Amino acid sequence: MVNFPSPNEKVLPHNIKLDKTPSYHEKDEVCDRIIGSLLGLAIGDALGASVEFRPQQYLSANPVRKMEGGGTWGLEAGKWTDDTSMALCLASSLITENCFNPYDQMVRYKWWHKYGYLSSTGHCFDIGQATRQSISEFSQRQKILKIYYRCRSEYEVDRLSLDSVERINDFNINCGDKDSAGNGALMRLAPVPLFYFKNPEYAIEYSARSAYLTHANKKAIDACRYYAALIIAALYGYHKQELLDNNFYSKHRLWFGQESLHNDILEICQGSYKKGGYEQGIRGKGYIVSALQAALWAFWSDNDSFEKGALAAVNLGDDTDTTAAIYCQLAGAYYGYKQIPKDWLEKVYARDLIVSMAEWIHYRGSQLGLEYIKDEYILPMLTSIDNRKVSEEEHQQNLNVSTTSQSNHLKDKTRVNDNLNSQKRNNSNQSINNDRSFSSYSSSNISNNDITLSNHDHIRFSRLKRFTKNNQYDDITIKTHQYPFYRHMRNTDPD
Ligand SMILES: [Mg+2]
């Protein structure tokens, strides 16, 4: 069980202690790379924080050579900014929810913005314009949910299940603007491909959805898709020449589904960054095409040194922390945790928490088959029952039915595949919307005992009000996840 504190507890990241992953969790080379990528992101961010917004000319005269404090934000050496805070919000959601829950992700971004959740200082002090606008838009849109479900507080709205949220046609989780082509989605990307490392196709789809929440421009989305593919390939142990092969995209075209990449991103795939650095047009700017190009240029020219590449990314100037954070996500996955300079590992803020989160990502990602089975049968089933009271006996009956269904299901793998294909046929627009799709891939090795236990742990009943077409409210009963995080928050209403 992983419990993160609630935002109103104001626990700073270095004081957050997560339980260890189960003893049977094997921390292999992939785990080392996952830690390298997530911790690398934070290290790149911290390296560039003190000189954020400084032009290249300044850094040419005063190059960064070590992890320093002060400067732009006056942070202590090793402390990081919005890039890492948002990545940790995303990672905490994936770990806690054990699936891709975009509503929960936006809630956590809002907590960071509003309450300083998972900030190195306890406050949100650095935020991009597109991100700010999308979080603000999300907060506004939550009012629809608050009215619909008659929530009495922000806390109740925030803890709504994804299924409840998706049933409201007037509510759209995706708050990104079509014109938002900044690097704000790419800077926080890593947790998604790290979590879905077992399936590149889904890792890339979810990376697109992750970006879409705050940056809806196709360039921003496709940059995340392409970079997710590179991170996955790095986890798999690809050599650098394979990662930076100009034909990488065409060789792995199946990973990307039907949607091809934007031409500007395709040019980068084909090696537009392989040139002489700042003098030949590489820029560490906030524009997504520049940012992606700069990070890949640093990776291409780093002489197989994480340290050299990270410093080169910072010393391009401008959006120094983000360029380095993007570079380090890939470089950390490629070189692994052990290749990061010891001095930086010692200085980076809240290292133990980030390592622990990376281990949970690896553990959860390794166990996805189990979780997808859970989702297929335990995610909400909505029943409209007027004035119905759900008794404990009825609750238990439902659990038993659900467990029996799962047992039968596990014995019939063909049916799983039929369900999957049916879902894909019937709901092609939302195929990635649903973790259930994954269940067919690795369902056969799950014991029934695991599922029985998980039922008790994850199901709860909620009674909510549904606003009808006749301007009346119906009582509805919803079975949803028992969110461990929200259980922790229950008695600590931020309102
Ligand atoms: Mg930043």
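Where does UniProt place the feature "binding site" in this protein? The UniProt entry, which is unreviewed, gives Thr 81, Asp 82, Asp 83, Asp 319, Asp 321 and Thr 322. These positions are spread over 242 residues of sequence, yet they cluster in space. The largest C-alpha distance among them is 12.0 Å.

One caution before I go on. What you see above is a predicted model.

Now the overall picture. The protein has 23 helices and three strands. Of its 495 residues, 50% are buried. Take the contacts between residues at least 6 apart in sequence: 76% of them join residues at least 24 apart.

Let's take two of its residues in turn.

Start with Asp 321. Find helix α16, residues 320–335, and you will find Asp 321 in it. Is Asp 321 buried or exposed? Asp 321 is buried, because 29 other C-beta atoms lie within 10 Å, and 20 or more is enough to count as buried. What does Asp 321 touch, once we leave aside neighbours within four places in sequence? The contacts are Asp 45, Gly 48, Ala 49, Glu 52, Thr 81 and Asp 83. Thr 81 and Asp 83 are also on the UniProt list.

Next, Thr 322. Helix α16 holds Thr 322 too. Thr 322 is buried, with 31 other C-beta atoms within 10 Å. Again, skip the neighbours within four places in sequence. Thr 322 is then in contact with Asp 83, Asn 183, Met 187 and Ala 291.

Now step back along the chain to Asp 318. Asp 318 sits in the loop between α15, residues 306–314, and α16. Beyond four places in sequence, Asp 318 is in contact with Phe 53, Pro 55, Gln 56, Arg 283, Gly 284 and Lys 285. Tyr 58 and Asp 318 are 260 residues apart in sequence, but 9.8 Å apart in space, C-alpha to C-alpha.

Last topic: helix packing. Keep your eye on α18, residues 351–366.

Helix α3, residues 82–97, packs on α18 at an angle of about 40 degrees, and the axes are 10 Å apart. That angle makes α3 oblique to α18. The residues of this contact divide into seven nonpolar, one polar and one charged. Which residues meet? From α3 come Leu 88, Ala 91, Ser 92, Leu 94 and Ile 95. From α18 come Met 357, Trp 360, Ile 361 and Arg 364. The crossing is left-handed.

Helix α1, residues 29–49, also meets α18. Their axes come within 9 Å and cross at roughly 135 degrees. That makes α1 oblique to α18. What is the handedness of this crossing? It is right-handed. On the α1 side, the residues include Val 30, Ile 34, Leu 38 and Ala 42. On the α18 side, they include Ile 354, Met 357, Ile 361 and His 362. The residues of this contact divide into twelve nonpolar, one polar and two charged.

One thing to spot in the model. Met 357 and Ile 361 of α18 meet α3, and Met 357 and Ile 361 also meet α1.

Note on methods:
Residues numbered from 1 in each chain as written. Predicted model: local features only at pLDDT ≥ 70, side-chain atom pairs only at ≥ 80, totals over all residues. UniProt positions renumbered as here; feature names shortened; annotations may be inferred. Helix = DSSP H or I, 4+ residues; strand = E, 2+ residues; numbered from the N terminus. Buried ≥ 20, exposed ≤ 12 C-beta atoms within 10 Å, placed from the backbone. Contact = placed C-beta atoms within 7 Å. Axes fitted to C-alpha atoms, helices over the stretch in contact; angles between N-to-C directions. Parallel < 35°, antiparallel > 145°, perpendicular 65-115°, else oblique. Left-handed = near helix turned anticlockwise from the far one by under 90°. Nonpolar A, V, L, I, M, F, W, Y, C, P; charged D, E, K, R; others polar.
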